Amino acid sequence: MFSLYDIHGPIASIPEPTAVTVGVFDGVHRGHRELLKDVSLVVTLTSHPSFVLGRRDSEYWLDDPDEHLRLLFEAGAKYVAVLPFTREVASLSACQMARLLYDQLQMRSLLLGYDSRFGSKSNDDFDRLPDLSRQLRFTLKRGEPFLVNGQPISSSRIRESLTSGAVKETASLLGRPYAITGTVLHGRGVGHTLGFPTANIDLSQTRKMLPKEGVYAVRIGEHIGMANLGKAPTFGVENPLLEVHLLDFEGNLYGQTVTVEFTHRLRDIVHFDSIEALEAQLKKDLNACRQL
């Protein structure tokens, strides 16, 4: 049922008693990391329960699978158990799940998030967990909310900030800039013609939620740049694109995998009546990036 990992890769079994927490941990934000300080093993789910159970039409994430594992270990997890979340798993009661954790993952302490529950709602025995903990002799604890500006951090709050394009707020909640990783593809060559050559990032392989369409200040490694995320209405392009122009960069990125960090939102995407008007705005955007 569980796929087990330590920081070096897959493992066959858990060799010692563990302090466990369970959740999606989407994005591994600052609140998650505060909780993970007190555990040795993280049980993370492969799918959002709300998607599997039909309460959400699409499944979008704040991290990619490899990134997710890396962030969990960086947060201090000694072991990670990946649990495929299916309707069968969703049918397990809280006490049934706790027994699995006890038997298969050597759980001797269970830490819950400040507002987290698990187990089937139709077979709800969550309130019996204290009785089970006394019976099996594992400790049961609940964490405290981690507040920013007086409000708890949550993955939903981060999605709301991305929906509005507030990437500075997103970074504050995550504890790092929001980033998209993809391969640089050959584009239309329009940017080069305008004097703003761009790296065109393939978005097809990421499961991550995209920020609101717009023009952003970004960073790739040590290089700052500006990015157009979304359509290119001046040129009649309707499919979403991520096109990045790096300032003072000379080189060829085609075929390379790069990570684009979104640092500031500059403006909305607009339709320009002429190429000259677009060029003038791009120069303004470039100057704004230099000043940030």
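A pocket is an open set of points, on a 1 Å grid over the protein atoms alone, with protein on both sides within 12 Å along at least five of seven lines. Its lining residues have an atom within 4 Å of a point, and its volume is the space filled by probe spheres set on the points, which are joined across faces, edges and corners. The model is predicted, so local features need pLDDT of at least 70 and side-chain atom pairs count only at pLDDT 80 or more, while totals for chains, interfaces and linings use all residues. Residues are numbered from 1 along each chain as its sequence is written, and side-chain values use heavy atoms, with hydrogens and water left out.

The largest pocket has a volume of about 1400 Å³. It is lined by 46 residues, of which Gly23, Val24, Pro49, Ser116 and Arg117 are the closest to its centre. Helices (H or I, at least four residues) and strands (E, at least two) are DSSP runs, numbered from the N terminus. At least two lining residues come from each of β3 (18-23), α1, α2 (49-52), α4 (87-90) and α7; α1 gives the most, with four residues. The lining comprises 19 nonpolar, 17 polar and ten charged residues. Here Ala, Val, Leu, Ile, Met, Phe, Trp, Tyr, Cys and Pro count as nonpolar, Asp, Glu, Lys and Arg as charged, and the others, Gly among them, as polar.

Helix α7 spans residues 155-163, and its buried residues (under 20% relative accessible area, 1.4 Å probe, protein chains only) are Ser155, Arg157, Ile158, Arg159, Ser161 and Leu162. The elements that cover them include α1 (30-36), β8 (147-148), β9 (151-152), α8 (167-174) and β10 (178-185). Ser155 has a relative accessible area of 13% and is therefore buried. Its contacts (heavy atoms within 4.5 Å), not counting residues up to four places away in sequence, are Asp26, His29, His32 and Leu62. The side chain of Ser155 reaches the backbone oxygen of Asp26 at 2.9 Å. Just after α7, Gly165 takes a positive phi of about 80°.

A nonpolar core is a set of buried Ala, Val, Leu, Ile, Met, Phe, Trp, Tyr and Cys residues joined through side-chain atoms within 4.5 Å. The largest has 35 residues, and Val43, Leu101 and Leu105 have the most contacts inside it. Helix α5 gives the most to this core, with seven residues. Beyond four places in sequence, Val43 is in contact with residues including Phe2, Val20, Ala81, Leu101 and Leu105.

Conventions: Buried means under 20% relative accessible area, exposed over 50%, partly exposed in between (1.4 Å probe, protein chains only). On a 1 Å grid over the protein atoms alone, a cavity is a set of points where a 1.4 Å probe fits but cannot get out, and a pocket is an open set with protein on both sides within 12 Å along at least five of seven lines; lining residues have an atom within 4 Å of a point. A polar contact is a pair of N or O atoms within 3.5 Å; within protein, one must be able to donate a hydrogen and the other to accept it, and residues adjacent in sequence count only if both atoms are side-chain atoms.
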